[in-house]
Amino acid sequence: MKTRGDWYEQRAVDWLRSAGWTIVARNYHTRLGEIDIIARDQSTLVFIEVRARHNPLFASASGSVDWRKQRKVSRSAQLFLKQQPAWSGWACRFDVIAFEPTQSADELELRWIRSAFTT
């Protein structure tokens, strides 16, 4: 059974592909954490965290990527690069794709945050 999170991750993948990106991996799991999407944006390898929030009373989707989550993604990215040496020379970036509620629509709006954090 697919979860709501899977649905938003698929929307993010579809959006990235429509922008000409190549998907390298999805749901990359390590003992340190998980990376939702790893993609290639021209000559940059991008590690992407996908978040969605339906209730505006709680932290925003993008705001929920706190320092703990950033550290997990960063460490998982380091492990990915160690396990996949072909990518080790590439420039890397950490992005967030957040699905946030809007005031005028029932559907959540995709918000891409390029270089959302650094390590």
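Analyst: Rings of Phe, Tyr and Trp (its six-membered ring) pair if their centres lie within 6.5 Å; planes under 30 degrees apart count as stacked, over 60 as edge-to-face and the rest as tilted. By that rule there are 9 aromatic pairs here. Keep in mind that this is a predicted model, where local features need pLDDT of at least 70, side-chain atom pairs count only at pLDDT 80 or more, and totals for chains, interfaces and linings use all residues. Residues are numbered from 1 along each chain as its sequence is written, and side-chain values use heavy atoms, with hydrogens and water left out.

User: What makes Phe47 and Phe80 an edge-to-face pair?

Analyst: Their centres are 6.0 Å apart, with 80° between the planes. Phe47 sits in strand E3 (residues 44–52) and Phe80 in helix H2 (residues 67–83), so the pair ties together parts that are 33 residues apart in sequence. Those elements are DSSP runs numbered from the N terminus: helices (H or I) have at least four residues, strands (E) at least two.

User: Why are Phe94 and Phe117 called stacked?

Analyst: The planes of Phe94 and Phe117 are at 20° and the centres 4.9 Å apart, so the pair is stacked.

User: How do you know whether Phe94 is buried or exposed?

Analyst: Buried means under 20% relative accessible area, exposed over 50%, partly exposed in between (1.4 Å probe, protein chains only). Phe94 has 9% relative accessibility, so Phe94 counts as buried. Phe117, at 7%, counts as buried too. As for E4, 8 of its 10 residues are buried.

User: What makes E4 and E5 paired strands?

Analyst: Two strands pair if DSSP finds at least two bridges between them. E4 and E5 are joined by 6 bridges and run antiparallel. E3 and E4 have 9 bridges and run parallel.

User: Which residues have the most contacts inside the largest nonpolar core?

Analyst: A nonpolar core is a set of buried Ala, Val, Leu, Ile, Met, Phe, Trp, Tyr and Cys residues joined through side-chain atoms within 4.5 Å. The largest one has 18 residues, and Ile35, Ile38, Leu45, Phe47 and Phe80 have the most contacts inside it. H2 gives this core its largest share, 5 residues.
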